[in-house]
Amino acid sequence: MGSYRSHSAALIALCGLALVGPLCVWNAAAQDVPPTLVSMRFRDASLDHVLEFFGTATGYTIVKPAGLDERVTVVSATEMPVDQALTVLDSILAVRGYTSIAQGTTLKIMSREDATYAPLPTRVGADPDAIPPTDTVVTQVMSLASADAAQVAKDLQGLLPTYALMTAHARSNALIITASSAVVKRFAEIVRHLDVSMSDLIRIEVFPLQYAVASDTADLITELYAKPRDAEEAAEQERAQRRGRGGFGRGGFGGGGSPGDGGGDQSDATSGGDTVLRRLEEVKAVADENTNAVVVSAGEASMTAIRDLIGRLDTQRVAQPSTRVFSLDHADASEVANSLNQAFSSTARNIFQQGRGGGGPFGRGGFGPQPQQQGEQGEQGAGVLGLPELVAVPDVRTNS
């Protein structure tokens, strides 16, 4: 049972018959009063009875197809404006595959399939937040900024309900969807993630280096992400074969097809998709020697890996050289300096690797000059175990 408050004087009482209590509607006579509110209490009621109620409450003349004999249950706990009540009516009809279309003072009830060709309300916009999730069938025009509308329509066609329609307008690069407002909202949410420009997908970052050399790092990244030439040639050959076969349309996989059979469109779409994928997979790294920085252009997935790689490369491998003075009490500074220079020079690397030598660096049998093995000479300036070259200089006057 529902009551409807208003400051107007007219009262229209509507009484249901199938387990329905009295339904009362206050109609506003003045323009400054709140909108008419309705409340519904229908339990296993005839759909004809429900439509009669809506016709009386809204003033519409209801036109419905013959044989529409259904039983419905609708219970609203609170009062609502008439326009919201019509939205509830569309939800009631949607369960049975119908919808309502307002034309002037007439409210037509028809199947959703027939409604897609009727003069529906037309909305413009691709913002899903501005689209109500209702069962009212509408036509929505969504303009795309970057994505190809024809390709999006083709890719998303399988997600449409059987009654809905979707087409693409190539000149304006827009999607035209006829479906319930809830379905349109869902498609708008999907399109929002697809309609992304290449500038948003490709990232450019500058990596200042502290220890690594920019030119060497850029060359390493370029070589790491360079595709083998044979792979590029194979991909190009496959694309050429697709164009020669006429794509995967009615011409089949090897039949060639006629120019108008749709195969060329598929090939073009495939070629465009391949171009986008190649752009996303392509990595470019350029060194700026003035600032010792590397400028990298890559997709987000590749950029994440490159960011981690540069962080690992640009690290201090060894401690910075330092100078210390050791005052000796008993050993001779010249002999100790000579032994240290021999022990920690690149020449002594073989001794550490092969386990030769004995007696310590300062006594007899210490590290004297050893024959250098060919091919094992360390890099210039590199000491034992990769440490910097140690230089020991004696101060005879202070024996340090």
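Welcome! Three strands make up an open sheet with mixed pairing, in the order 5-9-8; strands are DSSP runs of E with at least two residues, helices runs of H or I with at least four, both numbered from the N terminus, and two strands pair if DSSP finds at least two bridges between them. This is a predicted model, in which local features need pLDDT of at least 70 and side-chain atom pairs count only at pLDDT 80 or more, while totals for chains, interfaces and linings use all residues. Residues are numbered from 1 along each chain as its sequence is written, and side-chain values use heavy atoms, leaving out hydrogens and water.

- Strand 9 (residues 106–111) pairs with strand 8 in the antiparallel sense over six bridges.
- Gln103 lies opposite Thr106 of strand 9.

**The aromatic rings**

- There are two aromatic pairs (rings of Phe, Tyr and Trp, the latter by its six-membered ring, with centres within 6.5 Å; planes under 30 degrees apart are stacked, over 60 edge-to-face, the rest tilted).
- Phe42 and Phe53 are edge-to-face, because their ring centres are 5.5 Å apart and their planes stand at 65°.
- This pair links distant parts of the chain, 11 residues apart: Phe42 in strand 4 (residues 41–46) and Phe53 in helix 1 (residues 47–58).
- Phe53 also forms an edge-to-face pair with Phe54, at 5.4 Å centre to centre and 70° between the planes.
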